[in-house]
Amino acid sequence: MGRKENELKRLTENGGQRLEGCKSKQLTDCVIHQQKKYELQSSKDRDLQPFMDAFTMFDEMIEVDVPTQSELIMTLIKHEAQQRKILKREILLFLLIACLVLITLVTLFLQTPILFVVLQLVIVCFLPFMYKLENPHEREGKLFL
Amino acid sequence: MNQTNLEQQWIDKAQLGDKEAFANLFHMHYSFLYKYLFKVTMNHELSEDLIQETMLRAYQNIRRFNGQSKFSSWLITIATRLYIDVIRKRKSEETWRKQKQLMLSQQLNEKKQTDTLQWLAVMDVMATIEADVRLAILLKHYYGFSYDEVAAMLKIKTGTAKSKVHYGLQKLRKEWKTDGTKRK
């Protein structure tokens, strides 16, 4: 085995990689380039090491209070019940708005003072906000933990 | 039966609406997910809220899980996106820092002082970078996700994910060196 080949072998063993398509003479350069890249990468990894160690230590330190399967099932049941409740409320709200629109149209056809029409329209516009303020679609407290 | 087969079986059942299977599945990944969220938020309360929200989202969307990624990665994706929503709402990292300090004083008493000091310094440096950059670094270098996966999780382009990690690492190194000089 020649000197170049030996050098090549040493470099490859130390983390360098042979690039496909490189010929014998160029190959050394390719490997040397790869080796330098590898060394650079290693130094980057060394820089990152304290951070990764800190996270590992963090993982070891955290005590996780894992809820039981039955607690998780209960949470899912409660969530589904809540979703059904929200759906019912939304249907109710939709009906309410439909009624208001209907009243507005009837008022228009009966030619009542315009002020009433405006008032009704204002109510219709603000109704969703009022609904949201009273019933935010958020969880009421924690379901487990 | 090995864990992967068991997990797949639970996923199949959960996709058919089996609550118990989903509970088993989530129970299996709970600790891992909680640790991830705690590292990201540094806030016990927020982690609990997010893990609960993650569970409900996962339950609602379990039928969409197509098995292209690991189930744990899918959970991390949901949790990460929920956390991004939270930080967009808060727009402030002050809470993160405060909670970190509080948590450190409470939980690190048992550790050796030298370890603690080193740990404190590292976490201080981590606190100096933005939440989305911290997320990208954590996902890429601690959890070993590819740039494409990180980008998908953070809903950004791969190039943006790369630049975030690159920028974050540069800042970390700079801060770490500055911090090291101060410590000396």
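Mentor: Buried means under 20% relative accessible area, exposed means over 50%, and partly exposed lies in between (1.4 Å probe, protein chains only). This is a predicted model, where local features need pLDDT of at least 70, side-chain atom pairs count only at pLDDT 80 or more, and totals for chains, interfaces and linings use all residues; side-chain values use heavy atoms, without hydrogens or water. Residues are numbered from 1 along each chain as its sequence is written, with chains lettered from A and ligands numbered from 1 in the order in which they are written.

Trainee: What share of the residues of chain A counts as buried?

Mentor: Chain A has 145 residues. The share that counts as buried is 27%.

Trainee: Which pattern does chain A follow along the sequence?

Mentor: Chain A has 4 helices and 0 strands. Both are DSSP runs numbered from the N terminus: helices are H or I of at least four residues, strands E of at least two. Read along the sequence, the pattern is α-α-α-α.

Trainee: In chain A, what share of the contacts with a separation of 6 or more joins residues 24 or more positions apart?

Mentor: A contact means heavy atoms within 4.5 Å. Of the chain A contacts with a separation of 6 or more, residues 24 or more positions apart account for 41%.

Trainee: Is Phe94(A) buried or exposed?

Mentor: Phe94(A) sits in helix H3 of chain A, residues 69-109. Its relative accessibility is 59%, so Phe94(A) counts as exposed.

Trainee: Where is Phe55(A), and which residues does it contact beyond its neighbours within four places in sequence?

Mentor: Phe55(A) belongs to helix H2 of chain A, residues 24-61. Phe55(A) counts as buried because its relative accessibility is 2%. Setting aside neighbours within four places in sequence, its contacts are Lys39(B), Met123(B), Met126(B), Leu138(B) and Tyr142(B).

Trainee: How much area is buried between chain B and chain A?

Mentor: Chain B brings 42 residues to the contact and chain A brings 34. Buried area is the accessible area (1.4 Å probe) that two parts lose on being put together, summed over both. Carbon and sulfur atoms give 72% of it, and the area is about 3800 Å².

Trainee: Which residues form the salt bridge, and how far apart are the closest N and O atoms?

Mentor: A salt bridge puts a side-chain nitrogen of Lys or Arg within 4 Å of a carboxyl oxygen of Asp or Glu. The rule finds 1 across the interface of chain B and chain A. The pair is Glu80(A) and Lys19(B), with the closest N and O atoms at 3.1 Å.

Trainee: Which element gives the most to the side of chain B that touches chain A?

Mentor: Elements giving two or more residues to that side include helix H2 (19-41), helix H3 (44-61), helix H5 (94-107) and helix H6 (113-127) of chain B. The top contributor, with 13 residues, is H2(B).

Trainee: What is the phi of Lys155(B)?

Mentor: Lys155(B) is in the loop between helix H8 (147-154) and helix H9 (158-183) of chain B. Lys155(B) is exposed, because its relative accessible area is 63%. Most residues other than glycine have a negative phi. In Lys155(B) phi is positive, near 55 degrees.
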